[in-house]
Amino acid sequence: MKQANLVGWLFVVLVTGLLEVGVRLFELRDSVPAPSAVLRALAEGVSSGTLSGEVGTTLESYAEGLGLAIAAGIVLGLVIGSSRTLLEASSIVIEFLRPIPAVALIPLAIMVFGLGLPMRRFVIAYAALWPILINTLYGARGADRLLHDVARTSGVTRLGRLVSVTFPAALPSIATGIRVSASLALLVGVTAELVTGTEGIGSYMQRQQLAYQLPELYAAIVVTGFLGYAINVALRRAERHFLFWVGEGRLAR
Amino acid sequence: MTAAFLNRVGRRLLGAVVFGAALGIWEAWARSEPSFLFPPVTAVLERAWQVWPTTDFLTSVAASLERLAAGYALGAGIGIAAGLLMGSLRAARRTLEPLVEFLRAVPPVAIVPAVIVVLGLGNGMRIAVIAFAVCFPVLVNTVEGVRAVAPETRDTAAMLHLGLAETIFRIYLPAALPSIVAGLRVALSIGVIMVVISEFVGASDGIGHYILFQQSQFNVPEMYGGILFLGLLGYVLNRLFLLVEDHLLSWHFRAAGEPTR
Amino acid sequence: MLSDVTFDVREGELLSVVGPSGCGKTTLLRLLCGLTPPSDGSVLFNGKAVMRPPREVALVFQDYSRSLFPWLSVIRNVMLPLRRAGLRRGEKIARAEAVLQEMGLHGVARKYPWELSGGMQQRVAIARALVSRPKILLLDEPFGSVDALTRTELQDVLLRVHGDFEERRVTIVHVTHDIDEAVYLSDRVLVLGSAPGRLVASIDVELERPRVQTATRSSPRFLAVRNEIHDVIASREREAGHLGV
C-alpha cells in the first residue's frame with residue numbers, strides 16, 4: 001500500500017484555493033464557478049439524489065452495453081483467434097469496421113433506436129466491442145503452443161481447449177482490452193446522452209450549461225470524473241484478483 | 001508459384017471474398033426489403049461518389065483535419081512536456097499525480113459544456129477539447145517511458161556529467177521515444193473521436209457536423225457516406241502514423257531485432 | 001549493505017574486487033564513483049571527498065546494451081564525454097577515432113552499437129570511458145555478458161589499457177566474481193565477504209608483467225594466489241553459516 005501522497009493532495013488544495021481567489025478577484029463567475037460553489041452544488045446534488053440518479057441512469061446503459069461487448073468480444077475473439085482460417089476470413093471485415101468511431105454512429109443509432117436506452121446501449125456496445133475483440137484475438141493467437149500440445153495429448157476436445165487453454169492464456173490481453181473499452185464506453189455513453197439530451201449525466205450537464213448553472217455543471221463533471229476513476233480502480237482490483245498468476249510486468253500498475 | 005505463396009494469396013482472397021459476400025448480402029436484403037434506414041450499398045456508394053469530390057465536402061473535411069491537427073499538436077506538446085517533467089523529477093511527479101489522475105479519469109466529452117461557456121462554440125472550443133483528450137495518453141506514456149529508462153543508462157548520463165536539461169532531452173527523450181510514440185498512436189484515435197464530438201455541437205462544417213446534418217435532413221445514404229468516409233479517414237491516418245513511426249523509430253526496431261513494418 | 005570497508009587505491013594499480021553474489025561489489029563501485037553517497041564514512045579522491053561523479057573517474061558497466069545509446073552511432077557514443085572539453089568538432093572526432101583504434105575497432109565509427117557483436121560493444125564502452133583520459137577507470141563485471149573466448153580477448157585489452165594506453169598508466173578498479181580473472185589481471189585483489197559486505201582480505205598478487213594467458217595462468221604463484229582467495233572466501237562463508245561443510 002503506497003503511503004498517501006501528501007504533497008500531491010496539498011497541491012490540489014492549493015490549486016483549488018487559487019481558483020477560488022482568482023474567480024472572486026477577477027469576477028469570473030460568469031465563465032468559471034468558484035470551487036466553493038461547486039462543492040456546495042456537489043453536496044446538494046448528492047444529498048438530493050439528483051446527481052446519483054443521473055449517474056445511475058448512465059450506469060444502466062453503460063453496464064448493459066459494456067457487458068454485451070465483453071461477452072461478444074471474448075467469445076468471438078476466442079473462436080476467431082483459435083482458427084487461422086477464421087482469422088483470415090474475418091480480417092478485412094474487422095479492419096473495415098474497426099476504424100469507424102462509435103460516436104459517428106450516434107446519429108444513425110438515433111434513427112434506428114430512438115432517443116432512449118436502447119440507442120445508448122447500442123453505441124456503447126459497439127464502441128466497447130472492438131478493443132476487447134482485437135485484444136482477445138491477439139491474446140488467443142499468442143497462447144503458448146506447448147500448453148495446447150499438452151491439452152491435445154491429454155485428450156481434451158477442441159472446445160475444451162478453447163475454454164481451458166486459450167481463454168486463460170488470453171486473459172491478460174483481454175483484461176487490457178476491457179480496461180480500454182471501459183473508458184471508451186463511458187466517453188461514448190456520455191456523448192450519446194449529451195447529444196440526445198434526454199437522460200443520464202451527459203444530458204444533465206447539457207441542461208446545466210444551457211441554464212447557465214455553472215456550479216451544478218462543474219459538480220456533474222467532478223462526479224463523472226469520479227465515476228471514471230472508480231470504474232478504473234475497480235477493474236484493476238478485479239484484474240489483480242483474477243489474474244494473480246500473471247507476472248508483474250504484464251499487468252497494469 | 002510456391003505452395004506458400006498460393007496459400008497467402010488464397011487467404012487474402014478469403015478475407016476479400018467474405019467481405020464481398022457480406023456486402024452482397026446487405027445489398028440483396030436492402031433491395032428485397034426496402035428500408036429507409038438501411039439503404040443498399042450501391043445507393044450509399046453512388047451518393048458518396050457524387051458528394052465526396054465536391055468542394056463543399058472537401059472543405060468540410062479540411063476544416064475537421066485542421067482542428068484535429070491543431071488540437072493534436074497542442075495536446076501532444078503539453079503531454080510530452082509534462083510527461084518528461086513528471087518522469088524525470090520525483091518531486092514533480094508526486095506533486096502533480098493526484099491532479100493528473102483525476103483529470104485523466106474525466107471523459108473528455110464532459111468538459112465540452114464547460115469549455116463552451118468559456119470559449120463559445122467556435123474552433124477554439126474544439127481545439128481545446130481535442131487537446132485535453134489527446135494530452136493524457138501521451139503524458140502517461142511519456143512518464144512510463146522515462147521511468148523505464150534503465151539504471152545503467154541513467155548512471156551513464158550521471159557519469160557523463162550531463163545537466164538536467166541535457167539529460168532529459170538527449171537521453172530520456174530518445175530512450176522513452178518508443179513509449180511516447182505508442183501514446184501518440186492512442187491519442188490519434190482519441191483525437192479523431194473528439195473532432196467528431198466537438199462538431200456535434202454548434203458546428204457549421206466538418207465531418208461530424210456533416211453526418212449529423214444529413215441525419216437531420218433524413219438523407220440516409222449521405223449519412224452512411226459520411227460515416228464511411230470517417231472510417232476511411234481513420235484508417236488512412238493510422239497508416240500514415242505507422243509510416244512516420246517506422247521512420248522515427250527505425251533505430252529502435254533494428255536494435256531490438258524486430259523487423260520494421 | 002556494506003559495512004566496515006576501508007581501503008586505499010594506489011595510483012596506477014590494477015585492483016580487482018571479488019566476492020560472492022550480493023556482497024555489495026556493485027554498491028562499492030557506485031560509492032567510489034560518487035553515484036551513491038555513503039551513509040556512513042567517506043570516499044576520498046586525492047584527499048577530497050567525493051560528492052558526485054568526479055571528472056577524472058570513468059565507469060564501464062556490464063550491460064553494454066543499456067549504457068551505450070542505441071540511437072547514436074558508435075562514434076557519437078564515444079564522443080559524448082568530450083562535449084564539455086572545449087575541443088573543436090574535428091578534434092573530438094579525431095580523438096574518438098584514435099581511441100577506437102586503440103581498442104582494436106576499425107571501420108565501426110558510423111555503425112550503431114547494436115550492429116556490433118557483444119565483445120565489440122564492450123570495447124566501444126571502454127573506448128567511451130577512456131576518451132576523456134580519466135585517471136581512474138572503474139569496471140563493473142565488464143566481461144560478464146560476453147562468451148568465454150571474447151572474455152579472454154577483452155581481458156588482454158584491459159591489460160593493454162592499463163599498461164601502455166597513451167603511455168600513461170590508468171588506475172583501474174575492477175569488480176568481478178571470476179577469481180581467476182581477478183588474479184590474472186591485477187596487482188592486488190580485495191576480497192569481500194557477503195551480507196553485510198565486509199572487507200575480508202587484501203592480497204598482493206605479485207606476478208610479473210606483461211601477463212600472458214597461458215604462461216601466467218599456469219605459473220605456481222598464480223595457482224597459489226587463486227587458491228588462497230578461494231580458501232579465504234570459503235572459510236568466510238562457513239563462518240557466516242552459508243556453507244554446509
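Start at the contact between chains C and B: select 17 residues from chain C and 14 residues from chain B. Two residues count as in contact if their C-beta atoms, placed from the backbone, lie within 7 Å. This is a predicted model, in which local features need pLDDT of at least 70, side-chain atom pairs count only at pLDDT 80 or more, and totals for chains, interfaces and linings use all residues. Residues are numbered from 1 along each chain as its sequence is written, while chains are lettered from A and ligands numbered from 1 in the order in which they are written.

**Chain C, the side that touches chain B**

Helices (H or I, at least four residues) and strands (E, at least two) are DSSP runs, numbered from the N terminus. Now colour this side of chain C by class: it has twelve nonpolar, one polar and four charged residues. Here Ala, Val, Leu, Ile, Met, Phe, Trp, Tyr, Cys and Pro count as nonpolar, Asp, Glu, Lys and Arg as charged, and the others, Gly among them, as polar.

**The sheet of chain C**

Next, show the strands of chain C. In what order do the six strands of the open sheet lie? The order is β4-β5-β6-β1-β7-β8, with mixed pairing. Two strands pair if DSSP finds at least two bridges between them. β4 and β8 (198-204) of chain C each have a single partner strand and stand at the edges, so one side of each has no neighbour in the sheet. On average, neighbouring strands are turned by 20° against each other, direction ignored. Axes are lines fitted to C-alpha atoms, for helices over the stretch in contact, and angles run from 0 to 180 degrees between N-to-C directions.

Zoom in on β4(C) and strand β5 (residues 136-140) of chain C. They run parallel and are joined by four bridges. Click A58(C): opposite stands L137(C) in β5(C).

**The domains of chain C**

Colour chain C by domain. Domain 1 is 1-56 + 134-245, and domain 2 is 64-133. Such bounds come from an automatic or database domain assignment. The C-alpha centres of the two domains of chain C lie 25 Å apart. Where they meet, eleven residues come from domain 1 and 13 residues from domain 2 of chain C. Which helix gives the largest share of the domain 1 side? Helix α6 (residues 148-164) of chain C does, with five residues. By class, this domain 1 side of chain C has eight nonpolar, two polar and one charged residues.

**Chain A against chain B**

Show chains A and B. Of the two pairs of chains that touch, this pair has the most contacts. Chains A and C do not touch, and their nearest C-alpha atoms are 19 Å apart. Select 44 residues of chain A and the 42 residues of chain B that they contact. On chain A, α10 gives the most to this side, with nine residues. By class, the chain A side has 31 nonpolar, twelve polar and one charged residues.

**The domains of chains A and B**

In chain A, domain 1 is 1-32 and domain 2 is 33-250. Their C-alpha centres lie 31 Å apart. Seven residues of domain 1 of chain A are in contact with four residues of domain 2.

Switch to chain B. Domain 1 is 7-36 and domain 2 is 39-255. Their C-alpha centres lie 33 Å apart. The contact takes six residues from domain 1 and five residues from domain 2 of chain B.

**Last stop: confidence**

Colour chain A by pLDDT, the predictor's confidence in each residue, from 0 to 100. The mean for chain A is 87, and 94% of its residues reach 70 or more. Confidence in chain A is lowest in helix α7 (residues 145-153), at a mean of 72, and highest in α5(A), at 93.
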